[in-house]
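Here are my notes for you to read with the model open beside them. Take the points one at a time and find each place on the screen as you go.

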Amino acid sequence: MSPQFVDFDADGQLDIVAGIFDGSPHLVRGSAKGWGAPEQILDRDGQRIVGNAFWNFDAKKWDETDRCDPPGHKPAKKGLLTSAVALDLDGDGDFDLVLGDHYTGAVFVRRNEGTATAPKFAVKNEVLHADGKPIDVPGTVATVRLVDWNGDGLQDLACGSMGDPYGTAAGGGVFLFLNVGSKSKVEFGEMQTLLATSMKGATAPTRPDVGLHPDFADYDGDGDLDMVVGGYSLWSPPAVVLTAAQEDRVKVLRAEAAELDEKSSTIHKAIIAATKGLDKEAAAARRSELLAEKKDALSALSKQRQVVRKELDPMVPGAKRESFVWIYENLAVGPADRPAQPR
Amino acid sequence: MRLHDLSLLVCAALAVAQSPNFAPPVRLMAGEVHLGEARLYPSPVFHDLNGDGAADIVVGDLRGHLTVAHRKGASSPAVYASEEKVLGADGKILDLQNW
């Protein structure tokens, strides 16, 4: 999501711009009274701004369209635009939109053809380039952020990447595209690595591994920009050497866990069997009814499983996947042309 | 929501030409728990939400919720209070619903 606090509508109050997982940019207007109701940022025709995939609120399902594709654009994979920042790309005094693609490494632009107070966004996405090539963030785009990294008064673009969210392939990183243009014409240079993609495989939470969402500020007041990153850490605690008694206890607990799983599975199978042959709506209604009937039984089984897991986990620790927010303190204030030092 | 807060967001006034040499990362705390723990894809941003001159951390997530961990005092390293839901002008939880 990565909310951006910015005076989007030029009324003197900060607003919130955010891309969210429905595939569109949203706006929360700020006023002296506080935050207004979130609204979608629409194009000049009143249509939703999307890539290809989007959540269809009317049909209550995922949907797809090609209506916003850049002319002649033949993406290898369809896009889902889940992150957004407002940036004046052409120095005309109004905000355009920079949109990150969750499904690929691409970043797109929607030009504001109106004004700061009456924006009119183009009906097509434009592919954003860096160093003369379409941006292709390794690991697909988790979020886009703006930062004046080199202090030249121009907004640079930082991208956090997703990486392989569950598997063993590389995780996400953080990448920077310096603005080598001007205030009247933003141009991004070649990609630099601020944080290398995670290779995973740690035995303890040591860094954000997937779904990296960065932001920047002088956290410690030493005059340079530090980086905060939200994301999931993946790790596998080392195996524990068990005593004979513990091994026996593990066997008992695993049997208990299997029995509880079987009981839960039996309830769910019975519900599925009871809705078989019904049309979609009737099946959904009957399923809700039966789940309500079995709510207490399922809840009790869940609680028993938690008790078993709590005792079992220290003896047989499983793979972990938990979300945190990390601070990366910037230790060096060096010349701008010194290459990035990925960790 | 005041415009002067923007300076804290990007820290442009303080930024100087630099290259990254980051210390090993440290998990931030909010009150007694890890900031962003148990959230779906937490997305933190620095922003002085209460206008006290210190950059708080606002955390969005995949569900479309926003929380804020207010920075307590000016100590270094920073100390953050427990996360609170960000509310709208109507007093209800600000919710950018996804689906």
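1. Let us begin with Val147(A), which is buried, having 23 other C-beta atoms within 10 Å. A residue is called buried if 20 or more other C-beta atoms lie within 10 Å of its own, exposed if 12 or fewer, and partly exposed in between, with the C-beta atoms placed from the backbone. Val147(A) belongs to strand 15 of chain A, residues 141-147. Helices (H or I, at least four residues) and strands (E, at least two) are DSSP runs, numbered from the N terminus. For a sense of distance, the C-alpha atoms of Val147(A) and Asp248(A) are separated by 56 Å, and these residues are 101 apart along the chain.

2. A word on what you are looking at: this is a predicted model, in which local features need pLDDT of at least 70 and side-chain atom pairs count only at pLDDT 80 or more, while totals for chains, interfaces and linings use all residues. Residues are numbered from 1 along each chain as its sequence is written, and chains are lettered from A and ligands numbered from 1 in the order in which they are written.

3. Now look at Thr140(A), in the loop between strand 14 (133-134) and strand 15 of chain A. Its phi is near 65°, a positive value in a residue other than glycine. Is Thr140(A) buried or exposed? Thr140(A) counts as buried, because 24 C-beta neighbours lie inside 10 Å.

4. Chain A has an open sheet of 4 strands in the order 9-10-11-12, with antiparallel pairing. Strand 9 (81-87) and strand 12 (126-127) are at its edges with a single partner strand each, so one side of each has no neighbour in the sheet. Two strands pair if DSSP finds at least two bridges between them; strands 9 and 10 (residues 96-101) of chain A have 6 bridges. Across this pair, Ser83(A) stands opposite Gly100(A).

5. Another open sheet of 4 strands in chain A has the order 1-2-3-6, and its pairing is antiparallel. Which strands are at the edges? They are strand 1 (4-6) and strand 6 (39-40), each pairing on one side only. Strand 1 runs antiparallel to strand 2 (residues 15-19), joined by 3 bridges, and Val6(A) stands opposite Asp15(A).

6. Helix 3 of chain A, residues 295-312, has 18 residues and reaches 25 Å from its first C-alpha to its last, close to the 26 Å expected. That expected span is 1.5 Å times one less than the number of residues. The number of buried residues among the 18 is 0, so helix 3 of chain A lies largely in the open.

7. Turn to chain B, which has 1 helix and 9 strands, following the pattern α-β-β-β-β-β-β-β-β-β along the sequence. Of its 99 residues, 44% count as buried. Among contacts in chain B (C-beta atoms, placed from the backbone, within 7 Å) between residues at least 6 apart in sequence, 31% join residues at least 24 apart.

8. Two loops of chain B deserve a visit. Tyr41(B), between strand 3 (33-34) and strand 4 (43-47), has a positive phi near 50° in a residue other than glycine; Tyr41(B) is also buried, with 25 other C-beta atoms within 10 Å. Pro77(B) lies between strand 7 (71-72) and strand 8 (79-80), and the peptide bond from Ser76(B) to Pro77(B) is cis, with omega near 5°.

Notes: Two residues are in contact if their C-beta atoms, placed from the backbone, lie within 7 Å.
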